[in-house]
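Please open the model in your viewer and follow the stops below in order. Each one says what to select and what is found there.

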Amino acid sequence: MKKTIAIVPLLLLASMLTLLVGCNRSTGAEEPTLTEGKHSLTFTLQMPQGEPVTYRSAIHDQPEWTVKSLTMYQFNADGSKLLSIDQIDMLKLQQTGDAEYSYTKDFDPDKVGTTSRFLFVANDEIDGVTEGMSRADFEKLLMTKQLNENGTSKDILTGTDPDYTIPMSGVAKQGNTELIALTGTNKGTTVVLTRAVARVDVSNHVPNLTITKIYVENTYDRTTTFPTKNAAGEPTYQAPADAQKVKMSAGFADLPNPFTGIAGAEGKELKKAFYLYEGPQPENEADKANATTIVVEGKLVNGKEVKYLIPFTRTSATYTPVNIKRNYLYRIILGDNTPLEPDSKLVFSIEDTPWNAVHLNHYMPVLDVVMVRTIECEFFKYDYLNHTFYTSKPRHFDFELSNRFKNHTKYTIKPLNADAENTPHELKKDILDIERLFVVDFEKAAESASFDKRTAVYEITSDAAPEIKCILTVVYDKDYVNTAYKK
């Protein structure tokens with residue numbers, strides 16, 4: 001980029017302010033341009049074009065990162081006072097590439113040398129904002145769209161059919177600080193814009209199930225402009241104090257016709273099944289009826305009508321709540337590629353990952369775990385889709401871990417329930433010193449305690465991306481029989 005060197009003594013060096021939707025990394029903005037006679041900041045709105053992470057749930061499309069409106073809120077240095085509200089003229093927002101825009105904001109000369117904090121809201125115009133209010137009060141204001149009883153996912157997006165957009169918000173940062181000094185020395189400033197909703201995809205892996213209806217119970221009806229935070233400033237993803245739980249009668253995407261299940265790595269998918277507001281789930285299984293729950297209605301091939309409840313829990317094997325977070329992707333996997341018996345329970349699991357990239361990969365999980373050295377028989381079964389292992393033998397079992405991160409050095413295994421804490425496990429390498437293995441040892445556990453059933457749930461993460469999790473569930477039941485096994 002060329003630099004024009006001015007002779008006049010008072011000039012402001014324009015900085016690059018990069019808005020990354022759902023991405024926490026700097027894009028390495030270029031050196032700012034010196035422009036004679038103007039005091040301005042150039043904002044580059046740039047969405048990520050891909051991450052060193054892939055996730056098999058979805059391919060993003062333009063409406064999920066498009067900016068149709070943008071408002072900048074400038075606060076004083078300590079955040080106690082909102083100084084100005086700038087509703088950006090979208091005619092001045094120049095599209096400079098795929099998912100990239102540029103906008104230049106001029107400032108009065110008397111603002112040179114001041115330090116401010118800049119907050120942004122895209123695709124929404126927040127009610128109740130007044131100059132002079134504090135940042136803390138501003139962040140508690142609600143996004144304008146609220147979900148009524150029996151509403152749909154479209155009701156919490158902005159725009160109209162077919163031009164829906166997703167509300168987003170973010171804070172400008174320069175390195176690790178939010179203090180932006182208008183001194184002509186700004187560079188590498190980043191705004192992390194995150195979507196105010198989570199996205200849910202559904203994958204039908206039940207060969208003999210046709211889904212005819214899908215909806216949500218106990219979903220939150222509202223959300224704040226910015227996520228709630230704890231004392232340390234970390235997001236807690238809590239719903240607003242006055243939020244209500246309501247029924248969402250339909251999602252966003254139309255159901256395939258027919259929405260039959262198929263076997264295979266991908267299954268029959270409904271992308272953009274739902275957009276939901278964030279909020280926690282009950283911690284105890286006794287309160288599971290109050291969890292956000294996907295309701296699936298359909299028919300088996302024999303004509304029997306069925307209805308299944310899918311609460312936001314890691315797996316159907318045990319209740320481990322999955323809190324819904326804004327700007328996260330959730331993939332609900334129904335079934336395990338085997339037919340359902342008329343009165344049997346539906347096996348399911350829920351995968352989640354931050355919603356960081358524009359393009360996602362369908363087929364290859366970035367963090368994976370597979371069963372090794374055990375042949376499936378009437379006593380064992382490994383449901384790869386749901387990462388769930390069933391056994392009637394109290395032995396030790398090895399699970400091979402793999403990932404596709406560039407900077408991976410180690411795994412962390414976290415027990416998620418009491419059964420996992422009480423079952424010995426360890427990380428080790430195989431004889432070639434290349435495969436990392438997770439060992440769940442029921443045989444040792446049986447030596448110290450007598451039990452007939454145990455469901456151990458483990459969270460597996462890599463130090464390269466600890467926010468991305470793979471959940472392994474190991475179910476021991478002395479009476480378990482793999483009815484799908486054929487001798």
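**Stop 1: a strand pair and its sheet**

Select Y382, which stands opposite F389 in β25. The model is predicted, so local features need pLDDT of at least 70 and side-chain atom pairs count only at pLDDT 80 or more, while totals for chains, interfaces and linings use all residues. Residues are numbered from 1 along each chain as its sequence is written, and side-chain values use heavy atoms, with hydrogens and water left out.

Now select β24 and β25 (residues 388-391), which run antiparallel and are joined by four bridges. Helices (H or I, at least four residues) and strands (E, at least two) are DSSP runs, numbered from the N terminus; two strands pair if DSSP finds at least two bridges between them.

**Stop 2: L255**

Go to L255, in the loop between β16 (245-250) and β17 (259-260). L255 is partly exposed, at a relative accessible area of 28% (buried is under 20%, exposed over 50%, partly exposed in between; 1.4 Å probe, protein chains only). Beyond its neighbours within four places in sequence, L255 is in contact (heavy atoms within 4.5 Å) with I211, T212, K213, I214 and L270. K213 is 42 residues from L255 along the chain, with 7.7 Å between their C-alpha atoms.

**Stop 3: the whole chain**

Zoom out: the protein chain has three helices and 31 strands. Of its 487 residues, 52% are buried.
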